[in-house]
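User: I would like to go through the terms used for this structure and see what each one rests on. Please set the values against the definitions.

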Amino acid sequence: MDDITEHLADHLSDHISDYLTEHVFDTLVIGGGPGGLTAAIYLRRFTRNIVVVDKGNSRLCLIPVSHNYPGFPEGVPGGQLLVNLTEQLKRYGGEVRHGEITGLRLEDGIFVGDYLDDDGKARPIRALTVLLATGVADAGLPVERWHEAVAAGAVRLCPVCDGYDVMDRRIAVVTSETNPVGHALFMRSFSADVTLFDRDEESMLNDDERRQIEAAGVKYVESPLLGVTLTDDMKPVLNTADGASREFDVFYPMLGESARSKLAADLGAETAECDKLVVDDHGRTKVPGLYAIGDVVRGLNQIAVAAGQAAIAATTIHNALPWALRPGPSSGASAGTNPSARPADQQRAA
């Protein structure tokens, strides 16, 4: 980079930094997965001034191909869907800023997010409303070559998403604390060869649950699962405490999850199991102006669900904000929110 180009780049960076720091956005969207990007697309089409911040941890990137998202008969890779949504957002003047919101607070009725960019530079971002689409973090089991196994379809994370895609395969499932046998019984709709493994030394199953899986023809291995290795042709091998190793075609670890909800919880938003946020049917938390959608909220973790929640929440946000009055051709004013046109707490029906 020559001196002139470097100077221009520094000047542009300073200009963007000043804009982020001094401007009050209509909405700060935290999270650039399918929910956050869909909401951002809606908000930009509503002519809203928004900023999207994403850390790059979307679970969508883990999905080799999704076959149950509408409109893609041959399926769509998770990464490609993210690219498509990002490009669609760009068509309406939006973009994703890489980095992390490390803190969120209210100052004089305005949300202030502490933005840390990829270069480690910190600055505040101010917004009238915040939409949280931060998803969940998976708990872990020791699985060899984890990302490679997921990419190959040997390890799968969502029975609802892809149970159909593993029809008649040899399927291994691990007990979960909240529903020890439910996932194994769910998978019996797709295969007659389902084996349930215990994750703890003491069995999680009660007598009734044992009868349920026996009646359904689910095999049960009580010896605790220690880890999972992979064969050369990417078959999962489940290794148990009794020294046995059993090979399967597909493994559902049923990891458990923890919602990335701390930013909202610290402001007083209500949480439930797995730290999931409690919202109403328009995505509103109990903190006025703070919304949440997708896997971070209670409900079904699905791309289509996140997209639907995004449409509802974005429309609700638009209707709750001061009017965005479009200037006439000779007014010389810039389009965007006009705070004096409407009280911020006055709402239209969503």
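User: In which helix is Val160 found?

Analyst: Val160 is found in helix H5, residues 159–162. A helix here is a DSSP run of H or I with at least four residues, a strand is a run of E with at least two, and both are numbered from the N terminus. This is a predicted model, in which local features need pLDDT of at least 70, side-chain atom pairs count only at pLDDT 80 or more, and totals for chains, interfaces and linings use all residues. Residues are numbered from 1 along each chain as its sequence is written, and side-chain values use heavy atoms, with hydrogens and water left out.

User: Why is Val160 called partly exposed?

Analyst: Its relative accessible area is 42%. Buried means under 20%, exposed means over 50%, and partly exposed is in between (1.4 Å probe, protein chains only), so Val160 is partly exposed.

User: What makes Val160, Phe186 and Leu300 a patch?

Analyst: They form a nonpolar patch on the surface, with about 260 Å² of accessible area together. Patch residues have over 30% relative accessible area and no salt bridge; nonpolar side chains (Val, Leu, Ile, Met, Phe, Trp, Tyr) are joined within 5 Å, like charges within 9 Å. The areas come from the Shrake-Rupley method with a 1.4 Å probe, and only the protein chains shown count as cover for residues.

User: Why is the pair Asp26 and Arg48 called a salt bridge?

Analyst: The closest N and O atoms of Asp26 and Arg48 are 3.7 Å apart. The definition asks for a side-chain nitrogen of Lys or Arg within 4 Å of a carboxyl oxygen of Asp or Glu, so the pair counts as a salt bridge. Asp26 and Arg48 are both buried. The structure holds 18 salt bridges.

User: What makes a set of residues a nonpolar core, and which members of the largest one touch the most others?

Analyst: A core is a set of buried Ala, Val, Leu, Ile, Met, Phe, Trp, Tyr and Cys residues joined through side-chain atoms within 4.5 Å. The largest has 28 residues, of which Val52, Leu81, Leu89, Leu131 and Ile293 touch the most other members. Helix H9 gives the largest share of this core, seven residues.

User: Which residues does Leu89 touch?

Analyst: Leaving out residues up to four places away in sequence, Leu89 touches Leu37, Ala40, Ile41, Arg44, Val52, Gly94, Glu95 and Val96. Contact means heavy atoms within 4.5 Å.
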